[in-house]
Structures are given as C-alpha cells and as structure tokens.
Amino acid sequence: MKRTTISLIAVATALAAVTGFASLTAPDGEAEPVAAVPARLPVERSSLLCPAPSSSDLAETRYTSFTPAAKDGAQQPGDEGAEGDTAELRPSVVALSDPDAGADKSDKDKKGDEAKKPASDKPFLALKEPGKPVSAEEGGGQAQALVGTATGSLAPGWTAQQTTVVAAGSGRGLLGVGCTAPDTDFWFPGASLADQRQDYVHLTNPDEATAVVDVEIYGKEGVLKSTVTEGIPVPGGAGVPVLLSTLTDGPAEDVTVHVTTRTGRVGAVVRSVEENVGSDWLSAAADPSGTVVLPGIPADATSVQLVAFAPGDDDAELKVQLAGATGTITPAGHETLHVKSGMTASVDLKDVTRGEPGSLILSPAAGGTASPVVAALRVTRGKGDDKEIAFIPAAAPVGERATVADNRAKGSQLSLTAPGQAAKVKVTASAGTEAGTQVVKEFSVKAGTTTAVPAPVPAGLKGSYALTVETVSGGPVHASRMLEIPEDGIPMFTVQTLPDDRGTVTVPEAEQDLSVLDD
C-alpha cells in the first residue's frame with residue numbers, strides 16, 4: 001500500500017470564494033469541512049479615469065502610466081506567460097458641447113446634446129510591462145478626458161499621472177492629478193464659489209450606460225440650494241466638466257462638494273482656477289474619519305487655508321497639530337477647530353510651517369468624541385504677482401503599497417508622516433521612461449514627525465519615473481509628493497497624496513491535504 005497526498009487548493013478556494021466555506025468529500029462519502037482562510041491576491045483588472053486637462057491653448061500636458069513590479073517571490077496575474085495583458089488609456093467620447101447648460105432640458109434636447117463619436121481604436125498611451133513607466137504628451141486646449149483599463153499582470157497597483165503646465169493666462173499654473181478609479185461617492189472640501197475662483201467638477205464615466213450624478217454643495221451655514229433637481233447625466237464613456245457656480249445661487253468663499261451617483265459610477269475631480277494666483281486640481285479627500293492627516297505642506301508656504309466638513313449627525317471638536325521634522329506642535333492661536341454638523345468650517349493658518357516642512361493632523365479634542373470629518377488644505381507659495389496654489393486633501397495611509405508617477409530629476413520631494421507609531425518604509429524609484437536603473441532606499445519616520453526628503457532618483461535617469469512607497473514595519477504612514485517646476489520666477493508646484501493602491505484583494509483561501517488509500 002502507498003498513501004498519495006491530493007492537493008485541493010484550487011477547488012476549495014473557488015467554493016470558498018462563492019460561499020465563504022468549502023467542504024471536501026472523502027472516499028467513504030463523509031464531508032470534511034475546510035475553513036475559508038482569507039488571503040491577499042493581486043487584482044486582475046483596474047480602471048482609471050483622467051479628466052480633460054485644460055482649455056488653454058498654452059497648455060502642455062504629460063501623461064505617465066506605471067505598474068509596480070511584483071514583490072520578490074510574489075506572483076501577479078499573467079506572470080506565467082499569459083498573453084494579452086494590457087494597460088491602456090484611450091480618449092473619451094465627445095459629449096456635451098456646452099457642459100454648463102442644459103441640466104433642465106427636455107429629453108429630446110438632451111439626446112441631441114449627447115450625440116457622440118466613439119473613442120479612437122488606437123490607445124493614446126499603452127503600458128507594456130510592470131516596473132517600467134511610459135509617457136506621452138499632448139498640447140493645446142482640445143485634449144479630451146481619458147478612460148483606461150489594465151488587465152492581468154499590469155492591473156495590480158496601476159497608476160497614471162496627468163501633469164499640465166500653463167505658462168500664462170487666467171489658468172496659469174502647474175496642474176497635477178493622479179487619474180482616479182471610478183466610484184459612487186466623493187468629498188471635496190476646499191472648493192469655492194468666490195467671484196475670483198472658477199471651480200469645475202470634472203465627471204468621467206467609464207461605462208457604456210449613462211450615469212446620473214448628484215452634486216451637493218455645503219457652505220458655512222449648511223447645504224446650499226441647488227438649481228439642478230434631476231441630477232447631471234454623464235453619457236457612457238464621456239467626460240463632462242460642470243462649473244460649480246452654476247449649480248447654486250450666490251457666491252460662497254469656502255465650500256465642500258459632495259458627489260454621488262444615482263446610477264452608474266464616475267471618476268470625479270475638481271479643477272480650480274484663481275484669478276491672479278494660479279490653478280491646480282483638487283482631488284477627493286479620504287473617507288470621513290475621526291482623525292485625518294494632510295501630508296506634505298512645503299517649508300516655504302506663505303499661506304495655508306484649512307477647510308473641514310462634518311458629514312455626520314454630531315459636531316466635531318478637533319485638535320489641530322503640525323507634525324514637523326522633530327515632533328508635533330500646536331499652532332499658536334489655532335489649537336482647536338469646531339466644525340458644526342453639516343457645515344463647512346475654515347481657518348487661515350497663514351505661514352504655519354515657518355520654514356520647516358510639515359503635515360497637519362486633525363484629531364478629536366480632549367474630552368471630545370471622534371466625529372467623522374473630511375478636510376483639505378489650500379496652500380500658497382510665493383508673494384505678490386509671483387504666487388501659485390496647490391491643494392492637499394486628507395490622505396489615507398500608504399498601507400501595503402502606494403505609487404505616484406511622473407517624477408523628475410529635479411523638483412520632486414517626498415513627505416512621510418507617522419501620526420501615531422514610528423515606522424519604516426521602503427521607497428523604490430523606478431526605471432525612467434527613456435533610460436535609468438531603479439534605486440531602492442529605506443526611511444525611518446519617528447512617531448509624530450514628518451520626514452521630507454528629495455525623492456530618490458534612478459541611476460542614469462532619462463525622462464520621468466515613478467515612486468513606490470511600501471510600509472516595512474511600524475504604524476501607519478501618510479505620504480505625498482510635491483513636484484516643482486518654476487516658470488519665470490513663479491514657484492509653480494503641485495502636490496499628490498499616496499494612498500494605498502489597492503493592488504490586492506482579500507479572498508477566502510482553503511487548503512486541505514486528503515490522504516487517499518491506493519491499492
């Protein structure tokens with residue numbers, strides 16, 4: 001006699017994925033239960049949406065696409081030689097000719113407005129392999145929104161960055177945004193309906209069916225009355241910019257925008273243009289939480305405006321702290337911030353960093369409850385006519401891994417904040433889009449501090465590259481990347497946060513070795 005071990009991993013895992021529990025049948029007919037054990041596996045499909053970059057004829061936009069290489073010894077979908085893995089960004093369809101009009105049009109008129117032509121069969125930007133970024137450039141104000149999908153080995157951690165330089169005019173500035181995954185719920189504290197601001201929410205639909213979107217705007221006294229009652233239709237595969245000031249009556253200095261979908265899903269991001277100051281993208285803030293971290297305020301910030309909103313039923317009494325290089329301090333005169341339920345609060349922190357880079361931490365004040373909030377910072381660098389703005393939304397932790405693309409040989413700074421426990425992270429500078437060899441460094445971040453360093457640069461770099469941050473040990477780390485491209489004495493800059501890339505998903509896993517008696 002001999003005993004043969006039969007591995008039933010695949011069968012049990014498939015059953016567990018459907019039911020959460022699997023069972024195996026032994027030769028005598030008795031069922032042997034196999035408990036479903038959660039496991040982390042790479043995702044096999046990812047979607048990203050990039051908004052139309054600018055209407056300025058002077059705009060120059062660079063798109064960069066990147067997927068991190070698998071960890072040592074880890075397996076990604078497609079690693080066994082599967083063909084057909086793709087990561088492609090394609091132009092969206094052409095939709096509404098006048099996106100700010102027609103919210104209350106008849107169905108017949110809407111159908112006429114929604115006449116659209118298909119996106120090109122040829123991708124605008126196609127990634128070929130993990131670990132090596134690719135880029136493409138587009139000039140002028142006619143660039144469309146992009147819709148993208150990655151599959152197989154190119155899906156886990158796929159990221160795309162859109163960076164636009166507008167050298168002059170009303171939209172002057174450096175505008176950077178990480179292309180977003182489609183979702184059904186977004187918060188944008190820090191938008192504005194002020195006369196000197198032109199803020200558009202860009203909505204992009206990755207699917208074939210029309211999505212219907214609601215946009216609620218909250219000011220300091222609560223929700224603002226909307227002029228749109230039926231929702232905003234976003235045709236399938238289309239990108240639609242909507243001027244926020246057309247959705248309500250009257251100006252408001254600081255507001256919070258809440259984007260939700262009645263049907264379908266969209267990518268959403270706000271483009272802000274401030275007269276005589278600059279412009280940039282405002283990405284969605286991290287989900288409402290009792291404690292939020294806003295990482296990467298530059299050392300030379302001349303003005304920092306904090307905007308917060310409490311979406312829950314209770315007011316939020318927040319402790320305001322600045323995490324710098326050596327520890328955490330409380331800004332004088334701004335020890336706490338009271339945010340009423342359903343209302344937007346703001347405070348001018350002025351030059352709070354005072355020559356030292358830092359990150360803002362909002363947490364429940366002493367004796368207070370952890371009422372959830374969303375928050376963002378409007379940051380100004382420069383003075384007089386030579387000013388520029390950028391936004392820093394509250395960021396989720398780096399988690400297992402996070403990536404930002406389109407870093408340059410000069411002007412890229414990485415900020416790492418450990419609000420609770422000390423932590424250690426691994427930072428990988430990828431190969432360049434044209435040439436270069438990846439570089440890996442580790443950084444230790446003390447509890448309650450911010451470590452701001454020039455981003456590591458690949459050896460022999462030509463072109464741009466991606467930065468990937470992985471948590472090695474310790475507590476949560478929040479990160480951001482500042483990209484600076486000065487233009488005619490103006491300190492143009494943009495800041496992108498690095499939340500977990502969600503390159504893996506939890507699935508049940510089961511393994512049972514069943515000994516079978518052979519004759």
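The following questions and answers look at how terms are applied to this predicted model.

User: What should I know about the model before we start?

Analyst: The model is predicted: local features need pLDDT of at least 70, side-chain atom pairs count only at pLDDT 80 or more, and totals for chains, interfaces and linings use all residues. Residues are numbered from 1 along each chain as its sequence is written, and side-chain values use heavy atoms, with hydrogens and water left out.

User: What makes cysteine 50 and cysteine 179 a disulfide?

Analyst: A disulfide is a pair of cysteine sulfur atoms within 2.5 Å. Here the S to S distance is 2.0 Å. That is within the limit, so the pair counts as a disulfide. By this rule the count comes to one disulfide.

User: Why is the disulfide called right-handed?

Analyst: The torsion about the S-S bond of cysteine 50 and cysteine 179 is about 105°, so the disulfide is right-handed. The pair links distant parts of the chain, 129 residues apart. Cysteine 50 is in strand β5 (residues 45-50). Cysteine 179 is in the loop between β12 (173-178) and β13 (185-191). Strands (E, at least two residues) and helices (H or I, at least four) are DSSP runs, numbered from the N terminus.

User: Why is glutamine 162 called buried?

Analyst: Buried means under 20% relative accessible area, exposed over 50%, and partly exposed in between (1.4 Å probe, protein chains only). Glutamine 162 has a relative accessible area of 0%, so it is buried. Both cysteine 50 and cysteine 179 are buried too.

User: What lies around glutamine 162?

Analyst: Contact means heavy atoms within 4.5 Å. Leaving aside neighbours within four places in sequence, the contacts of glutamine 162 include Cys50, Cys179, Tyr63 and Trp281. A polar atom of the glutamine 162 side chain also lies 3.2 Å from the backbone oxygen of proline 51. Glutamine 162 itself lies in strand β11 (residues 159-166).

User: How do you know that β11 and β12 pair?

Analyst: Two strands pair if DSSP finds at least two bridges between them. β11 and β12 have six bridges, in the antiparallel sense. Six meets the requirement, so they pair.

User: What makes β9 and β12 edge strands?

Analyst: Four strands form an open sheet in the order β9-β6-β11-β12, with antiparallel pairing. β9 (134-139) and β12 each pair on one side only, and they are the edge strands.

User: Why is β5 called largely enclosed?

Analyst: Five of its six residues are buried, so β5 is largely enclosed by the rest of the structure. Six bridges join β5 to β10, and the two run antiparallel. Cysteine 50 has leucine 146 as its bridge partner in β10.

User: How do you know that the side chains of β7 alternate?

Analyst: Look along β7 (residues 87-91). Ala87, Leu89 and Pro91 point to one face and are buried.

User: Which strands does β7 pair with?

Analyst: Five bridges join β7 to β10 (residues 146-151), running antiparallel. Arginine 90 stands opposite valine 147 there. Two bridges join β7 to β8 (residues 125-126), also antiparallel. Leucine 89 has leucine 125 as its bridge partner in β8.

User: How many helices and strands does the chain have?

Analyst: The chain has two helices and 42 strands. Of its 519 residues, 50% count as buried.

Key. A polar contact is a pair of N or O atoms within 3.5 Å; within protein, one must be able to donate a hydrogen and the other to accept it, and residues adjacent in sequence count only if both atoms are side-chain atoms.
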